[in-house]
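We will walk through its aromatic rings, one stop at a time.

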Amino acid sequence: MAHLRSRRRRALVMPVGLALIASLGFLPAGSASAAPADVPAAVSADGPKLSYVVNTKGGHSTAKSVKKAIAEAGGTVVIAYDQIGVIVVHSQNPDFGKTIRKVRGVASAGATRTQPMAAQTTTDIKAEQPLSAKEAKAATAKASDDQDALEPLQWDLPAIKADQAHKKSLGSSKVTVGVIDTGVDDTHPDLAPNFDRGASVSCVGGTPDTADGAWRPGPGESDHGTHVAGTIAAAKNGTGVTGVAPGVKVSGIKVSQPDGFFYTEAVVCGFVWAAEHGVDVTNNSYYTDPWLFNCEDDPDQKALADAVTRATRYAEGKGVVNVAAAGNSDMDLAADELTDGSSPNDTTPGERVIDPDKCLDIPSQVPGVVTVSATGAKNLKASYSNYGLGVVDVAAPGGDRTAYQTPEAPAVNGLILSTLPGGGFGYKGGTSMASPHAAGVAALIKSTHPYASPWLVKTLLNVQADATSCTNPYDIDGDGTVDAVCEGGKNKNGFYGAGTVDALDAVRR
């Protein structure tokens, strides 16, 4: 299954243990403006160079005193997002985190990675399944007059009634979906007509870079973001594929390192950028490295969750609907405990047992973010998709092994067909592919109701979803063993949340 590392989650009701994390970012301006606590007169600078986020209390006066303390503790401010009280810092002081957390005015602080900062090298990305010339020719021959050439292969569009929705509306060009991801190739013929350059940026490293093309994936970098963008808004132009909302705009907000890691400082930059550049919906098909779950009892991990929470809340306050993938580990995210054997993934991971109510997968578990599970061509939970009652909000097509869920002809592949850099097309599968379907439907809702608040868009997304009953027993590979247990009723359950997103209802007034 071609996907980046496991991606995922959130709940409408905030666990009590997370209340502090969610509340830190929006204290009244001017409060808690005490001077910093004493820091060592001389600090070590012979440790590995690491990146940190420092989350402040109060307003600008507090931030000013904290910045002074950062310098005294051997840190260099890279950028300060004073609007949310998050400061990105580099330091070679091995005790920087421990020191700065003692400073008055600091709510939390932590290293965003466990490996030293260094020049990044590209790594091989597992290849997608390319579209063959034979398949393309066969699809083109079967396309009707109102279909793009490859649309007959897109079983996912009728699965959410997008094909019917397009007869009523393609979506509004005044709506922009920001693809916070690995970069978007805006030169692709199916993406160029709908690309919003003014809302595009590279946030790699935590600072916005608006140089022309900075938002594109570099040579050898992942094609993930370009595939996601096509699912959302590939133009309906007679050729190629069709997006869920082919009349809306799409922007590229690049947040991944060349080696594919999504670090906190870049993710924070991405959400703040979206908030301040007219983005209406963001799609987030990733988790924030290096921790699959960020536990509140670990000072570093707590700081990362705090920073991303502030950024998503700020974006939503500016009118942005944030949509995220539930993840590809076939985990029950509503379980009492889970085993995480993949963290930290930038050095040497170890096995740990975590409580998912107290350990956040960010941004998908952040309160307010729409969490999307994946279905296959038979409208069953995809074999890899995470799930969880009260965690998953809605479901959408993400694809599955063709042997598990075979699509109806003329479609031939159980994965999702979309755009690839350089004008190409290919299949991918994962909740990374499900989330953009939901983001596209959210964009159609926003197009139909241009003055709708994020709360109303999310409410309509849930209310309009087609209720999908639990699949029990769930034996997706047919080997006689139950692979997962779905809890809940038809209108709300762990596999499908409120149901499968509905593009046709989204364009009805």
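Which residue lies over the face of F495? Select K381: it sits over that ring, at 5.6 Å from the ring centre. A charge counts as over a ring if NZ of Lys or CZ of Arg is within 6 Å of the ring centre and within 35 degrees of the ring normal.

Before moving on, a word on the model: it is predicted, with local features needing pLDDT of at least 70, side-chain atom pairs counting only at pLDDT 80 or more, and totals for chains, interfaces and linings using all residues. Residues are numbered from 1 along each chain as its sequence is written, and side-chain values use heavy atoms, leaving out hydrogens and water.

Next, select R113 and Y263: R113 lies over the face of Y263, 3.9 Å from the ring centre.

Now for ring pairs. Rings of Phe, Tyr and Trp (its six-membered ring) pair if their centres lie within 6.5 Å; planes under 30 degrees apart are stacked, over 60 edge-to-face, and the rest tilted. The count comes to seven aromatic pairs. One of them is F195 with W215, a tilted pair at 5.8 Å centre to centre, with 40° between the planes. Both F195 and W215 are buried (under 20% relative accessible area, 1.4 Å probe, protein chains only).

Move on to F262 and Y286, which are stacked, 4.8 Å centre to centre and 5° between the planes. F262 and Y286 are both buried.

How values were computed. Buried means under 20% relative accessible area, exposed over 50%, partly exposed in between (1.4 Å probe, protein chains only).
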